[in-house]
Amino acid sequence: MGLLTEGQPLSWDETKQLADHVRQHGIDQFLNLYHQLLDRKGDVLKWGDEVEYIIVKFDHINKTAKVRLCAQDILAQLNEKEANDPHNVKSLWRPEYGAYMIEGTPGKPYGGLLAHFNIVEANMRYRREEAQQLLGPDEVLMTITNFPRLGCPEFTWPVDQPTPKIGPSRSLFIPDSAIYKGHPRFSTLTRNIRQRRGERVAINIPIFKDENTPSPFEEDLISIGGDTDSLNAALPDHVYMDAMAFGMGCCCLQMTFQACCIKEARTLYDQLTPLCPILLALTAASPVFRGYLTDVDCRWDVISRSVDCRTRQERGLEPLTTDKFVIPKSRYDSTTLYLSSQGEKFNDVPLVYDETIYNKLKNADIDHQMAQHVAHLFIRDTVSLFNEKVHQDDTVEMDHFENIQSTNWQTMRFKPPPPKSTIGWRVEFRPCEVQLTDFENAAIVCFVVLLTRVILSYQLNFIIPISKVDENMSKAQKRSAALTEKFWFRKNIAASTSKTANVNVNSSNDDASYTKMSINEIINGKTGEFPGLIPLIHSYLSSMEVDTDTHCTIQQYLKLISRRASGQIDTTASWIRRFIQDHPAYKRDSVVSDEINYDLLMTADGIRSGRISCPRLLGDCLLANSKTKETIPPAVQKVYSCTP
């Protein structure tokens with residue numbers, strides 16, 4: 001969730017008055033740190049993952065599943081180990097937006113040894129078990145991207161009601177008790193984003209039209225307290241949502257990599273940017289929102305709209321009179337420009353940036369692309385400011401810079417070293433949806449880490465025009481995108497100095513050499529046209545000394561990725577969609593009832609634990625034990641079996 005500064009939050013009116021103060025000092029802080037650390041070199045590869053979890057409470061008598069609002073209590077206990085011995089813990093725990101969410105990371109970053117791939121999944125299991133021990137007998141820590149009935153009546157435990165006329169959200173669907181209360185940032189962001197925008201956020205996701213889905217699909221918002229704003233915002237044939245919780249209450253899987261120097265960090269930032277839509281489609285895991293089956297498979301646009309604080313003028317709905325810019329994207333969206341010299345000519349989308357800030361950066365010897373990048377981030381206002389952090393020493397602190405940097409939630413994040421730290425220049429890879437099992441999450445993490453090594457080792461070039469990346473991001477969220485969509489991708493990926501002598505790649509220097517490919521072709525290759533990301537990883541590994549255990553681990557992970565890309569096994573979103581449509585209680589009306597939700601999440605937990613075998617989702621990678629079917633109700637035997 002970004003920077004978690006402690007202190008007394010200011011009101012929106014106070015925060016707004018200090019917006020220019022934060023921007024000015026944030027830029028000064030960036031300049032001081034940038035020049036201090038520009039020549040920093042020699043940092044080794046370190047990397048880590050962030051997994052977000054949802055706590056679910058099952059009622060086995062009434063066949064319901066609800067989100068359990070106990071994150072604050074759980075985190076207090078989990079953080080005791082770190083407080084007592086911060087240098088020797090296997091896991092670190094942090095709050096997330098929801099009062100039902102927590103975030104776990106490894107206690108220490110992993111390094112450059114291939115053998116580290118053997119401990120990623122084990123550490124994920126350790127984290128899950130560590131937190132699970134603190135939960136009640138009917139409570140489960142789950143890695144699901146979105147709780148399917150978030151925003152439905154009585155979806156929380158304890159049960160609470162929305163308050164559309166008071167509170168930070170003022171939502172028709174989400175009670176403010178669902179927001180994490182252990183840190184003021186979350187409620188403050190919710191309130192300030194709504195107040196800056198001038199109205200509730202508006203999220204409309206197309207409904208999946210099944211046989212019995214009403215056409216047009218429209219909801220009676222008046223009966224639940226809807227006002228003129230909500231009635232005007234809700235679109236026909238769409239699922240309407242009106243609160244930050246619908247987006248920031250989703251879970252994801254993120255990775256951060258330390259580069260050896262700033263140049264390498266900028267290279268990784270650019271080369272990973274075109275891969276963001278590909279990994280989003282491959283990890284798609286959220287086809288259900290607010291209890292309805294929708295026509296999308298991913299969370300990305302939901303989150304983007306959930307924190308869209310742009311005013312009507314900034315959205316281009318009214319002429320600019322009091323605001324400075326018409327801003328094309330939400331502050332949570334896809335990467336807007338490349339940072340390396342190699343990527344500069346592919347920045348083909350007009351960039352909105354603050355020219356005053358840009359000129360200040362240029363005059364301070366910041367290069368054109370980095371100056372544009374920072375000046376673009378700083379068109380945003382701060383949306384959360386604490387009284388104790390208003391006045392800072394810009395020579396040693398970075399809170400004002402991070403205040404704005406950390407609330408620009410893009411698919412990639414370029415991260416300068418923290419002040420007075422041993423940490424180097426880093427990039428964060430942010431698009432992936434979290435998967436049901438630790439095995440899947442570890443496979444995705446290791447796959448992306450290996451891609452970074454292949455990119456740097458072979459000096460590959462994946463860069464395509466930013467406009468094509470934007471187009472791919474839109475496609476990646478569509479229903480069954482991993483199977484049915486074609487994505488812009490570069491064919492000629494070998495740089496002129498490439499070391500890929502033993503890899504069958506087209507070494508043409510035609511910078512316009514990109515075409516549309518399927519996910520299968522991008523991941524597994526297309527004979528004579530594109531080598532495929534997994535074959536490139538295999539080529540890289542063949543030149544390394546890999547012990548037997550590590551080799552087996554990596555091969556299992558790559559097999560999962562390969563089969564999911566080819567369509568031999570489902571994405572999580574496709575599996576969820578099929579489960580719902582095959583459920584005996586589903587009425588083909590797009591509604592995911594309490595009963596269906598209960599069975600879906602019980603099955604998901606069974607797959608995660610290994611009690612239920614699911615070849616459709618995992619292939620033959622994980623096998624269930626023999627006790628599986630004893631706990632499965634006969635009425636949903638077909639659904640629980642998970643067989644292809």
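Biologist: In which hand does H8 pass H14, right-handed or left-handed?

Modeller: This is a predicted model. In it, the crossing of H8 past H14 is right-handed. H8 covers residues 262–272 and H14 covers residues 438–458; their axes come within 11 Å and cross at roughly 115°.

Biologist: Which residues of H8 and H14 meet?

Modeller: From H8, the residues are Glu264, Thr267, Leu268, Gln271 and Leu272. They meet Thr452, Arg453, Ile455 and Leu456 of H14. By type, the residues of this contact are 4 nonpolar, 3 polar and 2 charged.

Biologist: How should I read a nonpolar core, and which residues have the most contacts inside the largest one?

Modeller: In soluble globular proteins, nonpolar side chains tend to be buried together. Here the largest nonpolar core has 185 residues, and Ile102, Phe429, Phe447, Ile523 and Leu533 have the most contacts inside it. H14 gives the most to this core, with 14 residues.

Biologist: What does Phe447 touch?

Modeller: Leaving aside residues up to four places away in sequence, Phe447 touches Leu279, Ile523, Leu533, Ile534, Ile537, Leu558 and Ile561. Another core, of 7 residues, lies apart from the largest one. Tyr338, Ile466, Val469 and Trp488 are among its residues.

Biologist: Which residues of helix H15 are buried, and what do they pack against?

Modeller: H15 runs over residues 466–476, and its buried residues are Ile466, Lys468, Val469, Asn472, Met473, Lys475 and Ala476.

Biologist: Why does Lys475 count as buried?

Modeller: Lys475 lies in helix H15. Lys475 counts as buried because its relative accessible area is 11%, and the cut-off is under 20%. Not counting residues up to four places away in sequence, Lys475 touches Ala481, Glu485, Lys486, Phe487 and Lys516.

Biologist: How many disulfides does a search of the whole structure find?

Modeller: A disulfide is a covalent bond between the sulfur atoms of two cysteines. The search finds 0 disulfides in the whole structure.

Conventions: Residues are numbered from 1 along each chain as its sequence is written. This is a predicted model: local features need pLDDT of at least 70, side-chain atom pairs count only at pLDDT 80 or more; totals for chains, interfaces and linings use all residues. Side-chain values use heavy atoms; hydrogens and water are left out. Axes are lines fitted to C-alpha atoms, for helices over the stretch in contact, and angles run from 0 to 180 degrees between N-to-C directions. Helices (H or I, at least four residues) and strands (E, at least two) are DSSP runs, numbered from the N terminus. A crossing is left-handed if the near helix is turned anticlockwise from the far one by less than a right angle, and right-handed if clockwise. Contact means heavy atoms within 4.5 Å. Ala, Val, Leu, Ile, Met, Phe, Trp, Tyr, Cys and Pro count as nonpolar, Asp, Glu, Lys and Arg as charged, and the others, Gly among them, as polar. A disulfide is a pair of cysteine sulfur atoms within 2.5 Å. Buried means under 20% relative accessible area, exposed over 50%, partly exposed in between (1.4 Å probe, protein chains only). A nonpolar core is a set of buried Ala, Val, Leu, Ile, Met, Phe, Trp, Tyr and Cys residues joined through side-chain atoms within 4.5 Å.
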